[in-house]
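Biologist: I would like to go through a model feature by feature, beginning with a single residue and ending with the spaces inside. Please give the general idea where there is one, then the case at hand.

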Amino acid sequence: MTDRLKELTAAGVAVWLDDLSRVRLSSGGLDQLRREKHVAGVTTNPTIFAKALSDADEYNWQLRDLATRGIEVEESVRMLTTYDVRWACDVMRPSYDGSEGVDGRVSIEVDPRVAHDSDRTVAEAKALWWLVDRPNLYIKIPATEEGLSAITDTLAEGISVNVTLIFGLDRYSAVMEAFLAGLEQAKANGHDLSKIGSVASFFVSRVDAEVDKRLEKVGSEQAKSLRGKAAVANAQLAYERYTEVFSSDRWKALAAAGAHPQRPLWASTSTKNPDYRDVIYVEELIAPGTVNTMPESVIHAYADHGETRGDTITGAYDAARKVFADLKSVGVDLDDVIATLEREGVEKFEASWQELLDGVRKSLEAAAAGKGSPNKAAKGNAKAAERAGGA
């Protein structure tokens, strides 16, 4: 029987899981995915945590203890989520050790409400780094304009970073610049560069969702023929920029000091349009040195019928540029698409974070009152958070 995920890994794509819960941890499900499905990393977000807390009784003892101690809601969220992430880091440690620190990483996000406050983002990153206290942790920082300096400053502290919510090519170039500057400062600060990791999470399916909506509004046959092409083309051109930056003399000097490149991570890879092939954002984005973070459903779908056709990015740059030109010719403003997606991305993450806070608040109140299962008080909030999305 063909091991399709093994083939994908051999092609240079690290398979990561876009999900985490205490049930997945306590049941051994995450470790099983690591051993049997070649899962080499984990990403989380507030939506994932809100759903996890609402669906399992495994959190009840901790909620009761937090309520008994009178811990405030925001600090309770940190205690609950960092507990799971620390555990996940331990589960993924064999992948981390086996890859010399490249894979086996688990991501936790800073409070997205401070995405436009660089100083608070760095302070939050430090706090999460201390709390989890595992070398294979990634701190997720949104790639807002204000987040760029936070990325540099966090890396300069020797803290590994997953830069999230990247939609456009220019912002991606700025993220790579922030990464290089951060490593240079980390080196000057005496940190071991070989211990610092980073990925740049470039969102995929949301681009098609927004562009396709605009193409439908245009309504012409030419416009409709471009549906489902923008996201892959955007990511392919991002990889072209990645290869340029990480073949530069500036990068080579850092690599000589032990640094690992900041790999592009394809995020939001489940298809939003049921008419599209369910593994399109995996099959069309295969290239060496990349990460693809997938919901478990996509992992199983690829294991069942995914096709690894070698590098599907490197030879596609001219075709990708033609897609961009064709989109412009039918009136789709890609700059406005990217600006819209970044704004909505931060707003959705903020909404999910608020839903998480509200759910935990209700659970703590239920625990303090001794009313049955504390986490069930959060179910309505979790469903709202799930609708808000995130990756």
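Biologist: Does R24 count as buried or exposed?

Modeller: First, note that this is a predicted model. R24 counts as buried, because its relative accessibility is 13% and the cut-off for buried is under 20%. R24 sits in helix α2, residues 22-26.

Biologist: Which residues does R24 touch, apart from those up to four places away in sequence?

Modeller: The contacts of R24 are L17, D19, G29, L30, L33 and E296. One of these, L17, stands opposite V42 in β2.

Biologist: That brings in the strands. How should I read their pairing?

Modeller: Strands of a sheet pair through backbone hydrogen bonds, and the pairing is either parallel or antiparallel. Here eight strands close into a barrel, in the order β1-β2-β3-β4-β5-β6-β7-β8, with parallel pairing. On average, neighbouring strands of this sheet are turned by 30° against each other, direction ignored. As an example, β1 (residues 13-18) and β2 (residues 39-43) are joined in the parallel sense by three bridges.

Biologist: How many of the residues of β7 are buried?

Modeller: Five of the five are buried, so β7 is largely enclosed by the rest of the structure. R263, L265 and A267 point one way from the strand, while P264 and W266 point the other way.

Biologist: Which strands pair with β7?

Modeller: β6 pairs with β7 in the parallel sense over five bridges, and in that pairing A200 stands opposite P264. β8, residues 290-294, also pairs with β7 in the parallel sense, over two bridges. There, L265 stands opposite V291.

Biologist: Which helices lie across these strands?

Modeller: Helix α9 (residues 169-188) lies across β5, β6 and β7, and runs at about 170° to β6. Helix α17 (residues 334-369) lies across β3, β5 and β6, and its angle to β5 is about 115°.

Biologist: How do I read a helix on its own?

Modeller: An α-helix has 3.6 residues a turn, so residues three or four places apart point the same way. Take α10, residues 205-218: its 14 residues reach 20 Å from first C-alpha to last, close to the 20 Å expected at 1.5 Å a residue. Its buried residues are S205, R206, V207, D208, E210, V211, D212 and L215. G219 follows α10 and has a positive phi, near 85°.

Biologist: Where is phi positive in a residue that is not a glycine?

Modeller: Most residues other than glycine have a negative phi. E100 has a positive phi of about 55°, and L165 has one near 60°. E100 lies in the loop between α6 and β3, whereas L165 is found in strand β5. E100 counts as exposed because its relative accessibility is 66%. L165, at 3%, counts as buried.

Biologist: Where does H305 lie, and what does it contact?

Modeller: H305 is in helix α15, residues 296-305. At 25% relative accessibility, H305 counts as partly exposed. Leaving aside neighbours within four places in sequence, H305 is in contact with R4, R277, D278, V279 and E283. The C-alpha atoms of H305 and A367 are separated by 45 Å, and the two residues are 62 apart along the chain.

Biologist: What is the volume of the second largest pocket, and which elements line it?

Modeller: Its volume is about 350 Å³. Of the 15 residues that line this pocket, the closest to its centre are L169, F324, L334, D335 and I338. Two or more lining residues come from each of α9, α12, α16 and α17. α17 gives the most, with five residues.

Definitions and conventions:
Residues numbered from 1 in each chain as written. Predicted model: local features only at pLDDT ≥ 70, side-chain atom pairs only at ≥ 80, totals over all residues. Heavy atoms only, no water. Helix = DSSP H or I, 4+ residues; strand = E, 2+ residues; numbered from the N terminus. Buried < 20%, exposed > 50% of the residue type's maximum accessible area, 1.4 Å probe, protein only. Contact = heavy atoms within 4.5 Å. Pairing = 2+ DSSP bridges. Axes fitted to C-alpha atoms, helices over the stretch in contact; angles between N-to-C directions. Expected span 1.5 Å × (residues − 1). 1 Å grid on protein atoms, 1.4 Å probe; cavity = no way out; pocket = protein on both sides within 12 Å on 5 of 7 lines; lining within 4 Å. Points joined across faces, edges and corners; volume = space filled by probe spheres on them.
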